[in-house]
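Open the model in your viewer and keep the selection panel at hand.

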Amino acid sequence: MIQPDLDSLIIKHLVDIDRTAMRLNVIEEELFAAMAEMAEDWAEKASWAGDCSYHRGGGWDGWDFWIAPSEWRTRGTPEHSDEFDAWFALDVGAGDTEEGLEGEDWFYVTRLCGIGFGKVGLRFVPDGVAKRRQWKQSFGHVGQMVAGTPFEADARPSLFLPIKLNQLALVEALKDEDLAAALDPFKETLNALLAAKSAFDQVVQFLRSREIPA
């Protein structure tokens, strides 16, 4: 749908908008790289397995992010195997197509700051131990098991923990060329995994038992 006033203003300032969009892509990659460094350090200190790396040049798709306690490794696999029954992955919120549909955020930093339509967060992924039908059947019971954690039950259905950076803190961090200074909320989100671990240990044990309620 054409919006005459807005559209004409955009074309009038097209060069500036074009350069701004390009610069935002750079800012996002720098931010993602700083998040990856923090997550890798956190996982090492927590003795969690996974891969928190970020590959520059790939935009959002440059992420290869998953983490899990070592106890969730699939039984019978080697000690350093990457086969796990469940893990936490970096993802967008439910209902976000990431296709730039009307009303959706275009940039991921908008999602990270929680100032638009979407969200970015850590999602519990039980794909190594529960098939989709089993997961859906057990989701109500699982939701009760993690009710005391900050995870949200969403429409997928899934369990999702949003990350919300402070927009003004990010402004100052960019001025100071110190993006890590704006990542305290991300570290708090990672620390929330430790606080929620015992509840999710029970979830993984429950799913392994295949005691799926009727």
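Start by selecting Asp91 and Arg123. Their side chains are joined by a polar contact of 2.9 Å. A polar contact is a pair of N or O atoms within 3.5 Å; within protein, one must be able to donate a hydrogen and the other to accept it, and residues adjacent in sequence count only if both atoms are side-chain atoms.

A word on the source. This is a predicted model, where local features need pLDDT of at least 70, side-chain atom pairs count only at pLDDT 80 or more, and totals for chains, interfaces and linings use all residues. Residues are numbered from 1 along each chain as its sequence is written, and side-chain values use heavy atoms, with hydrogens and water left out.

**Stop 1: around Asp91**

Stay on Asp91. It lies in strand β3. Helices (H or I, at least four residues) and strands (E, at least two) are DSSP runs, numbered from the N terminus. Is Asp91 buried or exposed? Asp91 is buried, because its relative accessible area is 17%. The cut-offs are under 20% for buried, over 50% for exposed, and in between for partly exposed (1.4 Å probe, protein chains only).

Now show the neighbours of Asp91. Not counting residues up to four places away in sequence, Asp91 touches Trp60, Lys119, Val120, Gly121, Arg123, Arg156 and Phe160. Contact means heavy atoms within 4.5 Å. Draw a C-alpha distance from Asp91 to Lys119: 8.5 Å in space, for 28 residues in sequence.

**Stop 2: a cis peptide**

One of those neighbours is Arg156. Select Arg156 with Pro157. The peptide bond joining them is cis, with omega about 0°. Pro157 sits in the loop between β5 (152–154) and β6 (158–163).

**Stop 3: two positive phi values**

Most residues other than glycine have a negative phi, and most peptide bonds are trans. Select Glu98. Its phi is positive, about 60°, although it is not a glycine. Glu98 lies in the loop between β3 and α3 (108–113). At 34% relative accessibility, Glu98 is partly exposed.

Go on to Glu177. Its phi is also positive, about 55°. With a relative accessible area of 76%, Glu177 is exposed.

Step back to the start of α5 (residues 167–175). There, a side-chain oxygen of Asn166 reaches to within 2.9 Å of the backbone nitrogen of Leu168.

**Stop 4: helices against α6**

Show α2 (residues 14–46) and α6 as cartoons. They pack at about 30°, with axes 10 Å apart. Axes are lines fitted to C-alpha atoms, for helices over the stretch in contact, and angles run from 0 to 180 degrees between N-to-C directions. α2 and α6 are therefore roughly parallel. Angles under 35 degrees count as roughly parallel, over 145 as roughly antiparallel, 65 to 115 as roughly perpendicular and the rest as oblique. The crossing of α2 past α6 is right-handed. A crossing is left-handed if the near helix is turned anticlockwise from the far one by less than a right angle, and right-handed if clockwise.

α4 passes α6 in a right-handed crossing. Here Trp135, Ser138, His141, Val142 and Met145 of α4 meet Ala199, Gln202, Val203, Phe206 and Leu207 of α6.

**Stop 5: the core**

Which residues touch the most other members of the largest nonpolar core? Select Ile67, Phe124, Phe186 and Leu193, from a core of 61 residues. Helix α6 (residues 184–209) supplies the largest share of this core, 11 residues. A nonpolar core is a set of buried Ala, Val, Leu, Ile, Met, Phe, Trp, Tyr and Cys residues joined through side-chain atoms within 4.5 Å.

Zoom in on Phe124. Beyond four places in sequence, its contacts include Trp72, Trp87, Trp135 and Phe200.

**Last stop: the whole chain**

Zoom out. The chain has six helices and six strands. Their order along the sequence is α-α-β-β-β-α-β-α-β-β-α-α. The C-alpha atoms fill a box of roughly 60 × 40 × 30 Å along the principal axes. Of the 214 residues, 42% are buried.
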